[in-house]
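Reader: I would like to go through a structure feature by feature, hearing the general idea and its cut-offs before the particular case. Please start once the structure is in view.

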Amino acid sequence: MSGPRFKIPSTNTLLAFEAVARLGSVGRAAEERSTSQSAISRHLSNLEDALGVMLFERSGRGIALTRSGEKYFLAVQSSMAALHDTVHELHARKTGLTIGCTLEISGLVMLPIFSRLKRTLGDGVAARIVVYDYDMLHMLIPAGLDIMFETSVGVAHPDEDAVKVLDEEIVPVASPAFLERYEPVLAGPPRHWSGVPRLDIGLRTPGWATWDTWFDAHGCAPPDAPVETFENYIHLLRAAADGDGIALGWNGFMTDYTEAGQLVAVRDEWLRTGLSMYGVPTPGGKRNHATRDCLRELGRLIGEICSRRPVAV
């Protein structure tokens, strides 16, 4: 749902730059990359435009790195070497399995079930979780991810090997003390919830529900009220448990809080939005014998958690 954002050039552009810088020749770089010299030159020009600096000095004798180019070359080579080493490390773990997910899914969905998941997979499978931001996903998939999570609205996931792990269901939740304080208002129709402090998410993953979704389903716009915005759903739930406001609760993402009695459902009106979350095997994951078993267990364990919906007190 949120995380750091990285603005970096495309992989092809970085590989073209690295090859020219290392080989000192556009022609030799094009030959190594199995492409044309014009394509390599286009990558270099676009990269210099994006960075706003000259990376190469061009003359009749050839092409050479500028001081800025040398600095950038060291950064690119270091990053590629680290990624290359990670690829080899992950591939070397023939009995390993890597699950990639966002910080929220890792902390709120995977953590409560991870010990049970590992026991089910057995000692022969070393399962691990890698937390990613969506902007970096395209770089991590080739580095050895076996399973990632994706959403689909209204239709089944196009990958026939994907396993549905939950259907999006939402309900307002609050701490028991907060609910007691605002019970006279919250017992009425949502359109009358004026003045009840709400907790909201700033950056969002496209497709997931919002407060607008919930109030619209009840025939009204969000009423006027103080709204505190968070960039992280984990922090939002902590604030809700501390009594700072009413939160939009996702079934499956707040089990630890509801089962400990720190959060309770405000109403027994769970709203199913039509969005579903799937565990999806990557191309590399499809070649890992442990992936299918892991996906099946993810569906079972997360489904078990979702079946224990909190009820209004």
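Reader: Are tryptophan 193 and tryptophan 214 buried or exposed?

Author: Burial is read from relative accessible area, where buried means under 20%, exposed over 50% and partly exposed in between, with a 1.4 Å probe and protein chains only. By that scale tryptophan 193 and tryptophan 214 are both buried. Keep in mind that this is a predicted model, in which local features need pLDDT of at least 70 and side-chain atom pairs count only at pLDDT 80 or more, whereas totals for chains, interfaces and linings use all residues. Residues are numbered from 1 along each chain as its sequence is written, and side-chain values use heavy atoms, with hydrogens and water left out.

Reader: How many aromatic pairs does the structure hold, and how is such a pair described?

Author: Two quantities describe a pair of aromatic rings, namely the distance of the centres and the angle of the planes. Rings of Phe, Tyr and Trp (for Trp, the six-membered ring) pair if their centres lie within 6.5 Å, and planes under 30 degrees apart count as stacked, over 60 as edge-to-face and the rest as tilted. There are 12 aromatic pairs in the structure. One of them joins tryptophan 193 and tryptophan 214, which are stacked at 5.4 Å centre to centre with 25° between the planes. This pair links distant parts of the chain, 21 residues apart, with tryptophan 193 in the loop between helix H7 (176–186) and strand E7 (198–201) and tryptophan 214 in helix H8 (residues 211–217). Tryptophan 214 also pairs with tryptophan 211, edge-to-face, at 6.4 Å centre to centre and 85° between the planes. Here both partners lie in helix H8, three residues apart, about one turn of the helix, and tryptophan 211, like tryptophan 214, is buried. Elsewhere, ring pairs link Phe17, Phe56, Tyr72 and Phe73 into a cluster.

Reader: How many helices and strands does the protein chain have, and how should I read the span of helix H3?

Author: Helices (H or I, at least four residues) and strands (E, at least two) are DSSP runs numbered from the N terminus, and the protein chain has 11 of each. The expected span of a helix is 1.5 Å times one less than its number of residues. Helix H3 (residues 37–51) has 15 residues and reaches 21 Å from its first C-alpha to its last, close to the 21 Å expected at 1.5 Å a residue. Within H3, Ala39, Ile40, Leu44, Leu47 and Glu48 are buried, and after H3 comes glycine 52, whose phi is positive, near 75°.

Reader: Which residue forms a salt bridge with arginine 116?

Author: A salt bridge is a side-chain nitrogen of Lys or Arg within 4 Å of a carboxyl oxygen of Asp or Glu, and the structure holds 17 of them. Arginine 116 forms one with glutamate 304, the closest N and O atoms being 3.0 Å apart. That pair links distant parts of the chain, glutamate 304 being in helix H11 (residues 291–306) and arginine 116 in helix H5 (residues 103–121), 188 residues apart. Both ends count as partly exposed, glutamate 304 at 27% relative accessibility and arginine 116 at 30%. Glutamate 304 forms a further salt bridge with arginine 308, where the closest N and O atoms are 3.7 Å apart. Salt bridges that share partners join Arg116, Glu259, Glu297, Arg300, Glu304 and Arg308 into one network.

Reader: Which residues does leucine 108 touch?

Author: Contact means heavy atoms within 4.5 Å. Leucine 108, found in helix H5, touches Tyr233, Ile234, Leu237, Gly252 and Phe253, not counting residues up to four places away in sequence. Its C-alpha lies 7.4 Å from that of isoleucine 234, although leucine 108 and isoleucine 234 are 126 residues apart in sequence. Leucine 108 counts as buried because its relative accessibility is 10%.
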